[in-house]
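Trainee: I am new to this structure. Please walk me through how to read it.
Mentor: Gladly. Have a look first, and then we begin with one pair.

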Amino acid sequence: LLPGTLDLIREWFRTYKIPDGKPPNKFAFEERFLPASFAHKIIHETHEEWKHLVGAQEDGSDLSQGLFLPGKDKLNCSTVERDTKIIRNLSETNLAAMG
């Protein structure tokens with residue numbers, strides 16, 4: 001990278017919402033750049049939590065250990081199909097709650 005590139009990218013992320021009337025973004029870690037290994041660790045942890053949430057454990061367990069959808073049958077299908085159904089069910093539930 002050219003010198004100053006990361007600073008310019010951070011500044012863009014700080015200010016890109018200002019034209020819409022929003023305040024500048026703030027950054028954690030005293031605005032220090034962290035190593036890629038830190039980002040990879042966060043991505044991995046978040047992915048593992050997501051898999052647990054939707055019941056996508058590799059051992060083939062069902063949703064009883066993960067996300068519970070009241071009034072819905074267990075979703076017995078492939079992971080992609082199951083995830084799609086979960087997202088649709090949550091969307092329908094949220095839309096119904098909004099009136």
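**Pairs, helices and a pocket**

Mentor: This is a predicted model. Start in helix 2: K41 and E45 are four residues apart there, so about one helical turn separates them.

Trainee: What do the side chains of K41 and E45 meet in?

Mentor: First the general idea. Side chains of opposite charge can pair when their charged atoms come close. Here, the side chains of K41 and E45 meet in a salt bridge, at 3.0 Å from N to O. E45 is partly exposed, with a relative accessible area of 36%.

Trainee: How many salt bridges does the count come to?

Mentor: The count comes to four salt bridges. Some share partners: E11, R14 and E31 are joined into one network this way.

Trainee: Let us take R10. With which residue does R10 form a salt bridge?

Mentor: The partner of R10 is D7. Their closest N and O atoms are 2.7 Å apart. Both sit in helix 1, three residues apart, so about one helical turn lies between R10 and D7.

Trainee: Is R10 buried or exposed?

Mentor: R10 is buried, because its relative accessible area is 17% and the cut-off for buried is under 20%. D7 has 41% relative accessibility, so D7 counts as partly exposed.

Trainee: Now the network. How far apart are the N and O atoms in the salt bridge of E31 and R14?

Mentor: The E31 and R14 side chains meet at 2.9 Å, N to O.

Trainee: Why does R14 count as buried?

Mentor: Read the accessibility. R14 has 17% relative accessibility, so R14 counts as buried. E31, at 30%, counts as partly exposed.

Trainee: Where is R14 placed, and which residues does R14 touch?

Mentor: R14 is in helix 1, which covers residues 5–15. Leave out residues up to four places away in sequence. R14 then touches P24, N25, F27 and E31. E31 is also its salt-bridge partner.

Trainee: Which residues line the largest pocket?

Mentor: The lining consists of L6, I9, R10, F13, F27, A28, F29, E31, R32, F33 and L34. R10 takes part in the salt bridge with D7, and E31 in the one with R14.

Trainee: How many lining residues are nonpolar, polar or charged?

Mentor: Eight are nonpolar and three are charged.

Trainee: Step back to the whole chain. How many helices and strands does the protein chain have?

Mentor: The chain has three helices and zero strands. Along the sequence, the pattern reads α-α-α.

Trainee: What share of the residues counts as buried?

Mentor: Of the 99 residues, 14% count as buried. R10 is one of the residues called buried here.

Trainee: What does the accessible surface come to?

Mentor: The accessible surface of the chain comes to about 8,200 Å². Carbon and sulfur atoms account for 60% of that surface.

Trainee: What share of contacts joins residues at least 24 apart?

Mentor: Count contacts between residues at least 6 apart in sequence. Of these, 15% join residues at least 24 apart.

Notes. Residues numbered from 1 in each chain as written. Predicted model: local features only at pLDDT ≥ 70, side-chain atom pairs only at ≥ 80, totals over all residues. Heavy atoms only, no water. 1 Å grid on protein atoms, 1.4 Å probe; cavity = no way out; pocket = protein on both sides within 12 Å on 5 of 7 lines; lining within 4 Å. Nonpolar A, V, L, I, M, F, W, Y, C, P; charged D, E, K, R; others polar. Helix = DSSP H or I, 4+ residues; strand = E, 2+ residues; numbered from the N terminus. Buried < 20%, exposed > 50% of the residue type's maximum accessible area, 1.4 Å probe, protein only. Contact = heavy atoms within 4.5 Å. Areas by Shrake-Rupley, 256 points an atom, 1.4 Å probe, with all protein chains shown as cover.
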